[in-house]
Amino acid sequence: MTTRRELLLLSATALVARPAGAQAATLRIGEINSYSTIPQFTIPYRMGWQLAVEEANAAGGLLGRKVEVISRDDAGKPDDAIRLATELVSNEKVALLAGTFLSNVGLAVAEFALRNKVMFVAAEPLTDAMVWEKGNRYTFRLRPSTFMQSAMLVEEAARLPGKRWAIVAPNYEYGQSAVASFKALLKARRPDVEFVAEQWPALGKLEAAGTVQALIAARPDAIFNVTFGADLPRLVREGNLRGLFPRVPVVSLLSGEPEYLDVLKDETPKGWIVTGYPWDQIATPEHAKFFNAYYKRYNDTPRLGSVVGYSTFTAIFDAVRKAKSTDTEKMIAALRGLTFSTPFGPATFRALDHQSTMGAYVGKLDQRGGKGTMVDWRYADGRNYLPADAQVKSRRPAEAMK
Amino acid sequence: MDLILGQFLAGLSFGSTLFLVSAGLTLIFGVTRVVNFAHGALYMLGAYFALTFTTALPTTPLGFFGGVLLAAMVVGAAGVIVEFIVLRRIYSAPEIFQLLATFGVALIIQDLVLAVWGPEEQFAPRAPGLKGAIQIGTAFVPEYNLLMTVVGPLMFGALWWLFHRTRWGTIVRAATQDREMASALGVNERLLFTSVFALGAALAGLAGALQIPRETVNLQMDLTILVEAFVVVVVGGLGSITGAFWASLVIGVLHAFGIWLLPQSTLVLVFVVMAAVLIVRPYGLLGRPEVATHVAGGLTQPPFRVATVRERVLAGTLIAAVAVLPLLLGDYALVIATEMAILALFAASLQFFMGHGGLVSFGHAAYFGLGAYAAALVAKSIGAPLAVALVAAPLAAALAALVASFFVLRAHGVYASMLTLAFAQILWSIAVQWVDVTGGDNGILGVWPPTASRLAYYLLTLGTVAASLLLLRRAALAPFGYALRASRDAPERAEALGIDVRRVRWTAFVAGAAFAGLAGALQAFQKGAVFPNALSIPISVDGLVMVLLGGLQTLSGPIVGAVAYHGLSTELIRHTEYWRALLGVVIVLLVIVFPQGIVGFVRARASRSR
């Protein structure tokens with residue numbers, strides 16, 4: 001494991017060490033993310049994009065220029081993100097913006113992009129509104145949305161015999177969006193299910209004993225979980241102790257990502273049906289290539305954040321190469337319909353709604369040697385989990401599709 | 001039945017934790033009159049130390065609880081260091097300075113923890129010997145939770161014994177009742193304060209250390225617990241350990257049932273309880289009216305005076321220069337300059353009733369945020385033009401202040417301040433949870449001024465702010481301002497002179513809120529968006545820091561403070577990883593070295609050299 005100090009040093013040098021005199025010649029990309037509030041995801045994410053930038057620069061840069069990324073910490077606050085976006089665009093003269101983790105921050109930057117006519121490639125925010133209800137022609141999104149990941153999980157959830165479902169989700173855009181999609185999709189497949197309890201803890205403030213007691217009180221046959229970060233371990237340990245898990249089957253968004261399994265260790269709840277990233281078991285050549293490069297560079301294994309950071313920036317680089325320019329309109333034209341390679345295999349940015357077709361791995365949680373891992377997994381390609389075009393068109397503003 | 005019992009036990013174990021944290025807080029306040037904002041940070045420190053110690057020690061019950069106690073003692077020692085370096089120097093300063101100093105200390109501790117333990121959250125293993133659960137009826141209750149439910153009452157018993165059966169405890173109680181009398185009778189105040197602070201810090205550390213088998217240890221845990229602990233202390237009555245005990249249990253249990261029966265209520269429940277208790281009992285469950293403590297000298301201010309012609313010309317030139325300056329700078333500088341102007345108005349509106357009226361508000365963000373939301377809502381929902389929004393915002397804020405003043409102005413001192421905080425927190429949780437109207441955490445986006453030119457908007461802001469500041473200044477120099485300051489310094493005398501003290505204070509409070517609302521509206525259009533952050537505690541604290549940085553008892557202080565603070569914080573965030581610690585150091589130095597603020601300092605130097 002690379003120590004944290006090395007990482008900080010590394011990122012510091014990457015931020016500070018701008019080649020002297022090369023400023024005019026570099027191709028600048030602005031990057032904003034919640035480094036101080038969601039470090040377990042965003043620090044591997046930063047290592048991922050730094051690897052992509054180093055590879056691009058080692059290969060001679062883009063359009064004959066070195067790539068330089070100016071990175072900022074939004075501290076998880078949408079208003080700070082807006083100010084930093086202004087600073088990056090008007091002071092640092094970046095060609096485009098990328099990044100963000102939290103859905104509300106992502107939406108705020110997307111709105112900024114629309115207002116200021118700057119391209120924005122959202123890396124992680126998962127809310128459906130990013131590309132649909134509040135989508136705009138300047139905003140693209142890499143990761144599979146809450147709709148797509150819910151659709152992947154609903155396939156499995158519909159096979160569970162139970163009819164009484166309970167829900168626990170963080171009370172903000174991401175949680176609300178995931179629950180809305182999950183409910184609609186599950187109801188469509190299984191009209192007989194009913195939702196008997198909903199717990200909406202504020203993000204990061206889940207009070208485990210009371211929440212788990214309340215879930216038990218509803219006597220559900222199955223639970224859909226959307227909590228993550230600091231809330232998830234509390235929920236899991238309390239649920240394990242109180243006999244809620246593994247008695248009641250759980251379908252859970254994102255919990256198979258190494259970021260969260262790293263924390264759970266021997267508390268990992270076996271049998272949860274999750275989306276995630278079984279990094280230790282994927283044998284495709286694309287993944288092996290990425291894995292080896294990453295391990296060689298950092299002496300650490302990649303997390304999902306690493307894949308997201310790496311893929312976001314390789315997609316941006318491909319778009320710039322295709323556009324042969326950093327003109328916003330030309331880059332948008334290039335990114336629409338662009339097929340690019342990711343460690344998970346090829347993916348395409350759909351011209352219709354700017355959503356990439358990058359998928360996720362669906363499987364079950366298990367433990368091996370006191371650590372969490374995924375078993376019985378498969379890769380769910382994002383293109384198979386998107387609604388019909390007509391439905392997308394009805395949810396996306398007409399302006400965004402011009 | 002089992003379910004009710006299970007929920008009840010969950011509430012008791014939460015209440016136990018709350019009690020451990022708030023016992024230390026109330027103890028420290030009772031004796032030293034310091035509202036310790038660093039208490040949450042000490043709690044967090046306890047958790048991190050416990051994590052390190054229990055990992056290093058053998059995983060036996062003895063190793064685990066040994067590690068926990070060791071962590072509590074280390075945090076107690078950290079408390080001694082804080083008391084020795086910072087608090088000792090400012091006991092005689094107004095309580096707002098102590099509060100800010102401890103806030104600075106909290107920022108420093110946060111970054112120290114970040115530097116030592118790293119940003120990743122950590123999850124300790126289950127407590128050795130207490131890994132299982134006990135079946136009660138059909139419900140399972142974790143053994144560790146049962147332990148936690150008894151730790152609170154046990155600690156309460158131990159503290160009761162300490163305060164009623166030992167000499168030290170008797171002295172502490174005496175000092176809580178009347179600090180000056182205790183001192184006059186020969187009690188060594190310094191030693192007493194240091195030992196009390198150490199005990200309080202150790203209790204916070206213990207609470208944090210005991211949480212590690214139940215919680216992930218992370219950098220956000222300090223603020224989460226701090227606000228709840230404050231509520232407990234106020235509900236129980238400041239300085240009363242018994243009050244804190246009962247308040248913790250009541251709030252813990254209500255919280256658990258709130259989660260079960262009304263899951264959306266949890267963010268706001270504790271504040272509603274606090275407001276309800278304070279309406280019935282203005283000093284909390286078991287609190288007593290504060291003994292009026294004589295504040296040591298240095299606070300009498302020279303009277304304000306009207307600006308000379310030369311000063312007016314200077315101010316006019318300055319405004320003109322500020323209006324022209326951004327023409328030379330880029331777009332981003334314009335954004336920062338606009339924000340500075342807005343914050344100057346926000347700080348001045350706070351200073352208006354805090355500096356002149358003596359009411360310290362911990363929740364001034366309520367009116368700032370409300371103004372922002374009101375402006376955004378009228379602009380978005382009925383498409384009202386900018387001018388209408390700029391009128392609607394201060395009206396909405398003033399209306400809210402009218403409601404709040406009914407509660408706040410009846411209370412005194414720290415109780416009044418806590419009520420302002422409660423009011424802001426209630427508005428904040430409404431903004432977060434009433435998704436249909438406020439958009440929840442997404443906020444309201446797309447609130448743009450009619451002009452896309454940042455320069456035009458800057459000039460509009462500058463004009464509005466300058467006019468408002470002149471108005472506030474005029475009011476402070478008018479008979480109204482004199483009446484307000486008289487009501488602050490000697491309410492009885494003011495009353496005897498025929499000043500309607502209540503009405504004067506009330507007017508100042510509502511006017512301050514209205515100007516804060518105006519600042520909020522300007523901010524909404526500047527960002528093009530409003531988010532619940534606008535109502536949050538950090539905004540209120542920013543306001544306090546800006547006012548004190550500039551100088552509490554000066555008229556131009558808020559402007560200087562806002563410019564200096566905003567410039568400093570935005571630059572620090574951009575260029576350093578450890579900006580919190582730097583900011584903390586600046587605040588602590590400010591309080592210790594420049595208690596009169598930048599403007600006060602400059603003025604003192606100028607009058608000395610004259």
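**View 1. H19(B) and H21(B) make a left-handed crossing.** Everything here comes from a predicted model, where local features need pLDDT of at least 70, side-chain atom pairs count only at pLDDT 80 or more, and totals for chains, interfaces and linings use all residues. Residues are numbered from 1 along each chain as its sequence is written, with chains lettered from A and ligands numbered from 1 in the order in which they are written. Helix H19 (residues 479–489) of chain B packs on helix H21 (residues 501–527) of chain B at about 115 degrees, the axes 9 Å apart. The pair is therefore roughly perpendicular (65 to 115 degrees).

**View 2. Here is where H19(B) meets H21(B).** Ala483(B), Leu484(B) and Ser487(B) of H19(B) touch Val501(B), Val504(B), Arg505(B) and Ala508(B) of H21(B) (contact puts C-beta atoms, placed from the backbone, within 7 Å). By class, the residues of this contact are five nonpolar, one polar and one charged (nonpolar is Ala, Val, Leu, Ile, Met, Phe, Trp, Tyr, Cys and Pro; charged is Asp, Glu, Lys and Arg; the others, Gly among them, are polar).

**View 3. Domain 1 of chain A touches domain 2 of chain A.** The domain assignment gives domain 1 as 4–145 + 283–359 + 389–401 and domain 2 as 147–281 + 360–385 in chain A. Their centres, taken over C-alpha atoms, sit 27 Å apart. In chain A, 24 residues of domain 1 are in contact with 20 of domain 2. On the domain 1 side, the elements giving two or more residues are helices H2 (39–58), H4 (103–116) and H11 (304–323) of chain A. That side has 12 nonpolar, 10 polar and two charged residues.

How values were computed:
Axes fitted to C-alpha atoms, helices over the stretch in contact; angles between N-to-C directions. Helix = DSSP H or I, 4+ residues; strand = E, 2+ residues; numbered from the N terminus. Parallel < 35°, antiparallel > 145°, perpendicular 65-115°, else oblique. Left-handed = near helix turned anticlockwise from the far one by under 90°. Contact = placed C-beta atoms within 7 Å. Domains from an automatic or database assignment.
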